[in-house]
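Here are my notes on the model you sent over. Please read them with the coordinates open.

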Amino acid sequence: MDSYVRDIAEKTILDYGCGRGDKSLLYLARGAYVFGIDISVEYIEDAKESAKKAGYSENQFSFVAMDAHKLNFDDDFFDIVIGYGILHHLDTAIALDEIHRVLKPQGRLLLQEPLANNPLLRIFRFLTPYARTEDERPFSAKDIEMIGRDKRSDMGFEYCGLIEAPIAMLTSALYPNSPDNWLLRFADRLELWTHQKNFLLSWNQYVLLNGVEK
Ligand SMILES: C[S@@+](CC[C@H](N)C(=O)[O-])C[C@H]1O[C@@H](n2cnc3c(N)ncnc32)[C@H](O)[C@@H]1O
């Protein structure tokens with residue numbers, strides 16, 4: 001995800017479901033104009049506070065409590081709409097209608113979402129039901145297919161976390177001070193191979209929806 005938001009100076013960005021604005025600060029640091037929206041008034045207040053504390057002026061950012069299904073922005077307003085873990089809380093069709101409406105032609109949509117079938121995440125969800133809200137519905141292969149049929153953008157799907165994430169857990173115990181070790185490098189290559197072969201894609205931890213608006 002980070003590689004798509006490196007060169008964003010002067011770009012107008014919507015941090016969609018911005019939470020407390022941690023990612024917004026990164027986009028501000030790179031010279032973007034950042035609009036953050038979230039349903040939580042408390043998170044929005046925290047995001048404003050953090051941006052002010054970090055020394056940004058109020059003409060560089062705007063954080064507003066807003067429902068992601070009904071964006072209070074003009075059509076074709078943003079260069080980039082970016083969200084981490086928000087779409088799976090929403091009605092996907094309505095949310096995507098809004099995102100496409102507010103994105104400029106050639107604008108970029110970047111949404112990273114959790115997947116339903118990853119074995120580690122399934123165990124984690126089973127063990128921690130209290131850690132989630134009722135509206136969460138991690139994406140299945142069917143959801144991804146449905147999104148892929150939408151032709152309003154040229155959409156790519158990038159996956160991560162099938163092999164590399166569990167091996168990283170193992171190697172952090174085996175080689176505590178050596179993140180660049182042979183086992184992790186091997187896992188990276190193996191995971192890349194599964195992506196190239198379209199193998200068990202929906203078993204990854206996360207998918208990045210990466211679209212360029214037509
Ligand atoms: C998993 S958190 C991610 C927060 C942030 N993107 C981050 O990476 O730290 C999901 C966020 O979506 C927000 N959210 C849930 N439903 C929403 C809605 N209908 N409209 C706007 N935000 C919503 C929640 O308040 C929460 O901040």
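The points below go from the basis of the values to the fold, the sheet, the helices and the ligand site.

1. Basis. This is a predicted model, in which local features need pLDDT of at least 70 and side-chain atom pairs count only at pLDDT 80 or more, while totals for chains, interfaces and linings use all residues. Residues are numbered from 1 along each chain as its sequence is written, and side-chain values use heavy atoms, with hydrogens and water left out.

2. Overall fold. The chain holds seven helices and seven strands; these are DSSP runs, helices being H or I of at least four residues and strands E of at least two, numbered from the N terminus. Their order along the sequence is β-α-β-α-β-β-α-β-α-α-β-α-α-β. The C-alpha trace spans about 50 × 40 × 35 Å along its principal axes.

3. Sheet. An open sheet with mixed pairing is formed by seven strands, in the order E3-E2-E1-E4-E5-E7-E6 (two strands pair if DSSP finds at least two bridges between them). E3 (61-65) and E6 (153-160) are the edge strands with a single partner strand each, so one side of each lacks a neighbour in the sheet. On average, neighbouring strands are turned by 15° against each other, direction ignored.

4. The E2/E3 pair. Strand E2 (residues 33-38) runs parallel to E3 and is joined to it by five bridges. Gly-36 has Phe-63 in E3 as its bridge partner.

5. Helices on the sheet. H2 (residues 41-53) lies across E2 and E3, at about 165° to E3. H3 (residues 92-102) lies across E1 (12-16), E4 (78-84), E5 (103-114), E6 and E7 (206-213), at about 145° to E5. Contact means heavy atoms within 4.5 Å; axes are lines fitted to C-alpha atoms, for helices over the stretch in contact, and angles run from 0 to 180 degrees between N-to-C directions.

6. Ligand site. Which residues come nearest to the ligand? Of the 16 around it, they are Gly-17, Lys-23, Asp-38, Asp-67 and Ala-68 (a heavy atom within 4 Å).

7. Polar contacts (N or O pairs within 3.5 Å). Ligand nitrogen atoms lie 2.7 Å from a backbone N or O atom of Gly-17 and 3.1 Å from one of Ile-39. A polar side-chain atom of Lys-23 is 2.8 Å from a ligand oxygen atom. The ligand taken alone exposes 590 Å², of which the protein buries 77% (Shrake-Rupley method, 1.4 Å probe).

Conventions. Polar contact = N/O pair within 3.5 Å; in protein donor to acceptor, adjacent residues only side chain to side chain.
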